[in-house]
Amino acid sequence: GKATNYGMGWALGEFQGHKEVMHSGGQQRVSTLLYLWPKEKIVVALMCNLENAKIKPLAALLADIVSK
């Protein structure tokens with residue numbers, strides 16, 4: 001019953017007025033990020049050969065790319 005920016009493994013947020021949903025993961029030598037703008041029906045899957053990549057900067061980069 002309390003608003004939050006995280007639910008069931010998904011991070012919830014907003015970028016330039018667009019609702020965004022994302023989920024990150026990884027294993028040895030690999031980092032992943034699934035980034036969605038549900039209302040606009042946009043989904044981007046990012047997979048990179050970087051172990052423990054900083055997810056927030058990657059998410060910001062994807063949000064910037066998607067907004068263009």
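**Entry 1: the core**

I began with the largest nonpolar core and found eleven residues: Met22, Leu33, Tyr35, Trp37, Cys48, Ala53, Leu58, Ala59, Leu62, Ala63 and Val66. I looked up which elements give two or more residues to this core: they are β4 and α1 (55-66). Helix α1 supplies the largest share, five residues. For a nonpolar core I took buried Ala, Val, Leu, Ile, Met, Phe, Trp, Tyr and Cys residues joined through side-chain atoms within 4.5 Å. Buried means under 20% relative accessible area, exposed over 50%, and partly exposed in between (1.4 Å probe, protein chains only).

The model is predicted: local features need pLDDT of at least 70, side-chain atom pairs count only at pLDDT 80 or more, and totals for chains, interfaces and linings use all residues. I number residues from 1 along each chain as its sequence is written, and side-chain values use heavy atoms, with hydrogens and water left out.

**Entry 2: the chain as a whole**

I noted one helix and five strands. From the N terminus on, the order is β-β-β-β-β-α. These are DSSP runs numbered from the N terminus: helices are H or I with at least four residues, strands are E with at least two. The C-alpha trace spans about 35 × 35 × 20 Å along its principal axes. Of the 68 residues in the chain, 24% are buried.

I then checked the surface. The chain exposes about 5300 Å², and carbon and sulfur atoms supply 57% of it. The areas come from the Shrake-Rupley method with a 1.4 Å probe; for residues, only the protein chains shown count as cover.

**Entry 3: tyrosine 35**

I went back to a core member. Which residues does tyrosine 35 touch, not counting residues up to four places away in sequence? I found Phe15, Glu20, Val21, Met22, Ile42, Val43, Val44, Ala59, Leu62, Ala63 and Val66. Contact here means heavy atoms within 4.5 Å. Met22, Ala59, Leu62, Ala63 and Val66 are also listed in the core.

**Entry 4: serine 31**

Serine 31 lies in strand β4 (residues 30-37). Is serine 31 buried or exposed? I count serine 31 as buried because its relative accessibility is 5%. Leaving aside neighbours within four places in sequence, I listed contacts with Gly25, Gly26, Leu46, Met47, Cys48, Leu50, Glu51, Asn52 and Ala53.

**Entry 5: histidine 18**

I located histidine 18 in strand β3 (residues 18-27). Histidine 18 is partly exposed, at 22% relative accessible area. Not counting residues up to four places away in sequence, histidine 18 touches Gly13, Trp37 and Glu40. The side chains of histidine 18 and glutamate 40 make a polar contact at 2.6 Å. That term means a pair of N or O atoms within 3.5 Å; within protein, one must be able to donate a hydrogen and the other to accept it, and residues adjacent in sequence count only if both atoms are side-chain atoms. I also checked proline 38, 20 residues apart from histidine 18 along the chain: their C-alpha atoms are separated by 8.9 Å.

**Entry 6: positive phi**

I looked up two loop residues. Methionine 8 lies between β1 (6-7) and β2 (10-15). Methionine 8 is not a glycine, yet has a positive phi of about 50°. I count methionine 8 as exposed because its relative accessible area is 85%.

Arginine 29 sits in the loop between β3 and β4. Arginine 29 is not a glycine either, and has a positive phi of about 70°. At 61% relative accessibility, I logged arginine 29 as exposed.
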